[in-house]
Amino acid sequence: MPLPLVPDDSKPIPLPGNVAAFPAPTQDAGDYLRRGQELEREGRWADAVVFYEEALRRFPTDGTLLHRYQHSRLRVDVTRRWRDASFVGVVDSLTMPQAVDALNEALLKVQVHYVEPVGWTPLVQLSLRELTYTLSDGQLWARYGRKFSPETWQALAAQWDQLVSVRPPADRYQAAMLLTEAARLAEARTGLPATALIMECLCTVSNLLDIYSCYLTPQQLREILSQIEGNFVGLGVELKGEDGGLTIVRVIQGSPAEAAGLRPGDRILSVGDQPTASLPPEAAADLLQGPEGSLVRVTVASPGQAPREVWVRRAHVDVPSVEGVRLVDPAAGVAYLRIMAFQKTTPKEVDSALWSLYYQGMRSLIIDLRGNPGGLLGSAVEVADRFLDRGVIVYTRGRNVIEDCTYIAHEEGTWRVPLVVMIDGQSASAAEIFAAAIRDHRRGSLVGTPSYGKGSVQGIFPLGSHPGGLRLTTSRFYSPAGRPFTLEGVVPDVLLRQAARPVSTSAQQPTPQEDYALSVAIQTARELIAKRP
């Protein structure tokens with residue numbers, strides 16, 4: 001069975017499952033489209049992805065922006081895949097029959113589990129078209145010692161188009177046969193291994209379903225499973241790609257990074273001898289990974305200080321999902337905790353925090369979900385159940401009947417403390433499930449800015465044919481009042497113009513004076529206490 005996951009790296013703009021033709025851009029989106037295409041022409045694919053994401057926040061239904069986003073994302077993905085030793089190892093080890101089995105297995109999972117019926121002809125057609133762009137940049141040619149030939153590439157692209165037009169696939173069997181034949185034709189024309197091209201077909205088809213679904217390399221699959229469990233091997237930092245480099249936004253308490261003196265706000269300028277500015281953020285972050293116990297040399301610059309070299313030993317890191325547990329107004333009994341993400345350990349961590357705050361005199365509670373990207377649906381449901389005594393928490397609907405689920409609250413173990421929930425534009429998926437349940441049941445007050453607006457659930461599907469996997473959209477979820485989340489999000493009761501999360505350069509929690517949104521939440525909590533009988 002797949003793990004029901006609302007992923008932390010998703011965006012609220014689904015593409016149609018049948019990969020239909022894209023409508024013309026809206027007039028207002030034209031400036032964004034022109035700027036994005038400038039980035040594409042300059043080969044700045046990672047920057048183009050970020051730019052189109054921002055454009056889609058303003059124009060979420062613009063089909064052409066969606067298409068350009070998808071194309072740019074695929075270009076970034078292929079570069080990252082071929083820099084991932086776990087993926088390269090798989091491709092190099094597969095025989096032709098094994099590669100075909102992997103493709104068939106992936107398409108079967110798409111057919112059975114994907115949230116919408118798949119239009120196989122447009123999906124295969126678009127996949128081969130995108131694969132021609134992959135071949136046009138010469139990465140695979142160079143890796144396999146082949147010289148890129150524009151004439152050969154153009155002839156192959158034309159042959160692929162003719163192949164689909166003559167034999168449009170009506171089901172997954174025909175889709176797999178056609179993609180396999182396309183790979184064999186490419187091998188005959190270019191000398192590139194058909195196994196590598198079949199794996200590229202598998203990845204491209206998966207990544208084109210929508211912007212949440214994708215192929216997972218063995219390393220990416222391990223990382224996601226580690227995030228779900230709340231532990232991994234690494235330095236213990238949360239990073240953000242910014243201005244052509246990596247900025248540390250969080251350092252895990254007790255981690256190797258903390259022991260080495262790394263702090264939030266530090267910029268990682270290079271890893272080993274590789275400058276991070278020359279790489280996409282994901283590729284630069286990948287350089288920090290490695291075997292447990294190994295050392296990595298990083299050059300960092302703290303604000304206002306000269307760059308320095310730091311050696312950090314990679315280690316097993318347990319990542320807490322609940323932080324900042326404290327009384328923010330001891331006199332009034334206003335308590336606070338922040339949920340960073342919803343992982344397996346979150347319900348137990350919340351229980352521990354609640355009892356600690358209770359014994360400290362908690363009379364009202366602020367739950368901070370700002371920047372919470374989501375996580376496990378089940379964990380969000382369990383935490384919401386701590387504060388709701390009856391009624392629907394969330395329900396999901398998918399193409400497969402097994403994806404239709406309704407989650408109900410239970411009276412036993414309910415905390416009845418007055419509640420304030422903080423959200424912002426980066427509160428997504430599982431965080432929105434929790435916030436919407438509290439809102440719809442009028443269980444507390446929401447403070448901040450509208451949430452991200454993601455309304456679908458993904459499942460993680462390890463593949464039996466090799467160590468990789470798929471992340472597929474399996475269902476959509478709705479609030480207790482039946483409201484969708486996609487493109488709408490959750491609107492707070494107390495709407496702020498800005499609910500930014502301050503980045504502290506020390507281990508201290510930001511004070512209400514440093515965090516305006518928190519000060520508003522505290523005042524709201526005081527008012528809830530005053531209204532309580």
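A nonpolar patch is made of residues with over 30% relative accessible area and no salt bridge, whose nonpolar side chains are joined within 5 Å. In this predicted model, Trp355, Tyr358 and Tyr359 form such a patch on the surface. The structure also holds 24 salt bridges, and several of them are described below, together with a buried glutamate that has no salt bridge, glutamate 432.

**The surface patch**

- Together, Trp355, Tyr358 and Tyr359 have about 430 Å² of accessible area.
- Tryptophan 355 belongs to helix H14, which covers residues 346-359.
- The relative accessible area of tryptophan 355 is 46%, so this residue is partly exposed.

**A buried glutamate without a salt bridge**

- Glutamate 432 is located in helix H16, residues 430-440.
- Although glutamate 432 is buried, no salt bridge is formed by this residue; lysine 454, the nearest side chain of opposite charge, is 7.1 Å away.
- A salt bridge requires a side-chain nitrogen of Lys or Arg within 4 Å of a carboxyl oxygen of Asp or Glu.
- The backbone nitrogen of tyrosine 452 is reached by the side chain of glutamate 432 at 3.4 Å.
- Leaving aside residues up to four places away in sequence, glutamate 432 touches several residues, including Ser427, Ser451, Phe485 and Val490.

**Salt bridges**

- Side chains of opposite charge can pair when their charged atoms come close.
- Glutamate 42 and arginine 44 are joined by a salt bridge, with their closest N and O atoms 3.0 Å apart.
- Glutamate 42 is partly exposed at 48% relative accessibility, and arginine 44 is likewise partly exposed at 35%.
- In the salt bridge between arginine 250 and glutamate 323, the closest N and O atoms are 2.6 Å apart.
- This pair links distant parts of the chain, 73 residues apart: arginine 250 is in strand S5 (residues 245-251) and glutamate 323 in strand S11 (residues 322-329).
- Arginine 250 counts as buried because its relative accessibility is 11%.
- A further salt bridge connects the side chains of arginine 297 and glutamate 309, at 3.4 Å from N to O.
- Arginine 297 lies in strand S8 (residues 295-301) and glutamate 309 in strand S9 (residues 308-313), so their pairing ties together parts 12 residues apart in sequence.
- Arginine 297 is buried, at 19% relative accessible area, whereas glutamate 309 is exposed, at 52%.

**A residue of helix H8**

- Alanine 155 is placed in helix H8, residues 150-166, and is partly exposed, with a relative accessible area of 28%.
- Alanine 155 and alanine 186 are 31 residues apart along the chain, and their C-alpha atoms are separated by 10.0 Å.

Note on methods
Residues are numbered from 1 along each chain as its sequence is written. This is a predicted model: local features need pLDDT of at least 70, side-chain atom pairs count only at pLDDT 80 or more; totals for chains, interfaces and linings use all residues. Side-chain values use heavy atoms; hydrogens and water are left out. Helices (H or I, at least four residues) and strands (E, at least two) are DSSP runs, numbered from the N terminus. Buried means under 20% relative accessible area, exposed over 50%, partly exposed in between (1.4 Å probe, protein chains only). Lys and Arg count as positive and Asp and Glu as negative; His and the chain ends are not counted. A polar contact is a pair of N or O atoms within 3.5 Å; within protein, one must be able to donate a hydrogen and the other to accept it, and residues adjacent in sequence count only if both atoms are side-chain atoms. Contact means heavy atoms within 4.5 Å. Patches are made of residues with over 30% relative accessible area and no salt bridge: like charges are joined within 9 Å, nonpolar side chains (Val, Leu, Ile, Met, Phe, Trp, Tyr) within 5 Å. Accessible areas come from the Shrake-Rupley method with a 1.4 Å probe; for residues, only the protein chains shown count as cover.
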